[in-house]
Amino acid sequence: MIAPAIAAWLAAALALSASPAAVALACTVALSAAAVLAARHRTTVTAAALAATLLCACAGATAGVLAGTAVHRGPLPQLARRTAEVTLEATVTDDPRTARSGSTVVLEAEATRLDGPAGTTALRTPVLVMAGQRSWLGLLPSTRIRLHGRLALPTLGGAADRIAAVVRVSGREPPHVIAPPTALQRAAARLRSGLRRATDGLAPDARALLPGLVVGDTSRIPADLDDAFRATDLTHLLAVSGGNFTILLALLIGPSHLSARAERRGLAARLGLPLRLTALLGGALSLGFVIVCRPDPSVLRAAACGLITLLALGTGRRRSLLPALAAAVLLLVLFDPWLARSYGFLLSVLATGALLTLAPRWSEALQRRGLRPRLAEAVAAAGAAQAVCGPVIALLAAQVSLVAVPCNLLSEPAVAAATVLGFAAMAAAPVALPAAKCLAWLAGWPAGWTAVVARTGAALPGAALPWPGGWTGCLLLAAVTAAAVPAARRVRLLRRPWACAGLALLLLLAVVRPAPLTRAVTGWPPSGWRLAACDVGQGDALVLAAGDGAAVVVDAGPEPHAVDACLRALQVERIPLLILSHFHADHVDGLPGVLHGRAVGMIETTPFARPPGRAAFVHRAAARAGVPVTEGVAGERRQLGDLSWEVLWPPPAGTSAAAEDGPNDASLVLLVRTAGLTLLLLGDLEPPAQQALSEAYPGLPPVDVLKVAHHGSAHQDAQLLRALHPRLALISVGTHNRYGHPAAATVAALKEQGATVLRTDTDGAVAVTGAAAAVTAGRGRRRRTGARCTGCRACGITEPWIPLILTPTSAASTSLARPPPMRRRCASSTSGTSSPCRSRTCRSIWERRSCWRAGPSWRRWCRQGAAASATSSTAPSPTC
């Protein structure tokens, strides 16, 4: 059964996007080959197996091409290309969910009727409905609704391939229900809502997690807990799978290897039920499990495997579980060919296959080395599942979890207890809510422990190892795993305790990453850093050092994990002030990552709360964390030790049309002074607001570091850039972003001013030290730039950097004294003479650079390999 199932799977996956003619031709060839094999080799087992494989491949291809063409059949795809407005009747096919933004409700449905100028058209077309009213969350699967909205084509790739069109519901009207859900769905909804009511009084993590562990209801799980489960590879616990169903089935029939024997166990044996009645009850349990937990890929796979096992039990024909898994895969792929392209289905099948094939062998090997049987089984199961699922996870997440196996081992006993008690609470809730609350309270303890394991594992500095994404990373990790397992067997690693202890110590150091060791190995973070620009993708997250373990953070980036990892790498534990320049998602959506595990004193935002949805998100997140929120005011000045800053923009509401033109122009602009350096952080200001800023502060002096506005877009005010004349320009931008940031014209204009331009998309995270050096983390490797006469090139500066001089005036306008121009000398190594620099940086900065000691003091030297001339700075350098 294994080869036919794989053949049907691959054929269905390929046929979903293939042309019907090509599939028909391939099926004709395969059927002809199968007929020839069957005719010439009737008694040969190999020929029969090959013919069966070809037949199953034809069946899978036929099912796939029919499902693929059904998506594009009918008028909706053509109307979606024209973004037409339509009135539809549709049947809800899945539970509604809230988009990550929190302001949109998304649900899958099947359009059954289209009302248009040409009349009424009957349909069976899958659509994705997006609505702005939270009342849509109350819809149940099988509910028939009527809606009016504008069509759009779905984004290609992933689950969107099975969607013909996206329907954006017009207005904020509640859903118009024309037929209620079925009785089965209403019963399932009562059970699910009863479980939610029973968990209402639990601790936040247990309250959110228990419905997810029991029935896959993740509606209450916050983003930070979801990220913790992803970082520790525990997300399979929230996608109800074979583990949950196995626990329920074991309660009924006992261990599967004893289920057909006289010594069988379980509730059925205790009640004296015959085998066939036990199989029927198990089938009913499987059906109820699918209805209550929803027909997700892992649920369908688990239920199908269970039904095949129960069928073998009821007919008296015992079968091994691996053919049952293959038969389940074959049936499900033929029933729903889109499962062939589901990564969730793939992970579920791979994990189950590893538990049936690799885990028993590894468990026996561990037991032979003296490990207790139960512990050996748990370690082998977690290791085998991680080994086969790791390449697929690397393909999707571009990382390898180093804590997945220990976290799974620590959570496994708790998950079993929480599942049993949670199902009992769900069953008791409709008839006895107090009893259900008691059971839920008991289940809350193991559920809370699982959340603690996930959060603790995710908080470790080395919880996840960066890995190439896509198919390259997947195949690379698969090759490494395939080579490592046999190599460990050949060298008999388990018989070498000192080698095992050494590997365990190396893994522990890689996960814990002690700060002194990390800095010694990677050079990050550099000693004495004053400003760091985190690599958070297409967004901003800047960190200003404010003492040991403390920092002022400006913006939070577009997602929590990246900024959390950056702050952990910088060893920031206390944040006296978090400044959010404006409320766009690429600046505020990472807020939970900043708040996670850190003491935050206050959040300061722009006074212009636009867009309102993201502003409300910030206030909700701050309220949950108990952090007060205040608004920044132009002219406001604050100081923390030797770190001081002033808010220059925006002016009060009603005083500047430029500031109220949009969220970008309402960005908080900060003038920062730290360790003798002057920094200007421009947020996302557009040219009109930049011009207004120049007019409000005509004495704005040149700065040492400029955070370029709006990720280096083409919309910059050239006059402001000339006035600022920065030495170092930082551009926080994402790799291969769709906006074309940074613009080549902006980068060229900055370089013409003599600025060194560093970008997070190519240089990684950037840190500026008090010694006027810039150090970049690099993409995939750490590299030091400023300390070796590269990066922030300050060679030729003969005077120390002059600190900013502030002349207090009114809050609306502050006059800033411009420091005198600094003299720069560039010395020639051939002539021994020096001449004025032609720009703010020495022009002779070549591809190959080096530093060595020359004379009584350290000097910076920059040279071009075998070039006859070189340029050096006569300024002493503490790093060269």
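Which residues line the second largest cavity? In this predicted model, the lining is formed by Asp540, Leu542, Val554, Asp555, Ser581, Leu668, Leu681, Gly683 and Lys707. By class, four of these residues are nonpolar, two are polar and three are charged.

In total, three cavities of 30 Å³ or more were counted. The largest cavity holds about 140 Å³ of space. It is lined by 14 residues, of which Asp224, Asp227, Ala228, Asp564 and His596 lie closest to its centre. The lining of the largest cavity comprises six nonpolar, three polar and five charged residues.

Two aromatic pairs were counted, one of which joins Trp441 and Trp445 in an edge-to-face arrangement, with 5.9 Å from centre to centre and 90° between the planes. Both tryptophans belong to helix H16, where they are four residues apart, about one turn of the helix. Trp445 has a relative accessibility of 59% and therefore counts as exposed, the cut-off for that class being over 50%. Trp441, at 46% relative accessibility, counts as partly exposed.

A contact between a charge and a ring was found as well. Arg614 is placed over the face of Phe617, at 4.4 Å from the ring centre.

Note on methods: Residues are numbered from 1 along each chain as its sequence is written. This is a predicted model: local features need pLDDT of at least 70, side-chain atom pairs count only at pLDDT 80 or more; totals for chains, interfaces and linings use all residues. Side-chain values use heavy atoms; hydrogens and water are left out. On a 1 Å grid over the protein atoms alone, a cavity is a set of points where a 1.4 Å probe fits but cannot get out, and a pocket is an open set with protein on both sides within 12 Å along at least five of seven lines; lining residues have an atom within 4 Å of a point. Grid points are joined across faces, edges and corners, and a volume is the space filled by probe spheres set on the points. Ala, Val, Leu, Ile, Met, Phe, Trp, Tyr, Cys and Pro count as nonpolar, Asp, Glu, Lys and Arg as charged, and the others, Gly among them, as polar. Rings of Phe, Tyr and Trp (its six-membered ring) pair if their centres lie within 6.5 Å; planes under 30 degrees apart count as stacked, over 60 as edge-to-face and the rest as tilted. Helices (H or I, at least four residues) and strands (E, at least two) are DSSP runs, numbered from the N terminus. Buried means under 20% relative accessible area, exposed over 50%, partly exposed in between (1.4 Å probe, protein chains only). A charge sits over a ring if NZ of Lys or CZ of Arg is within 6 Å of the ring centre and within 35 degrees of the ring normal.
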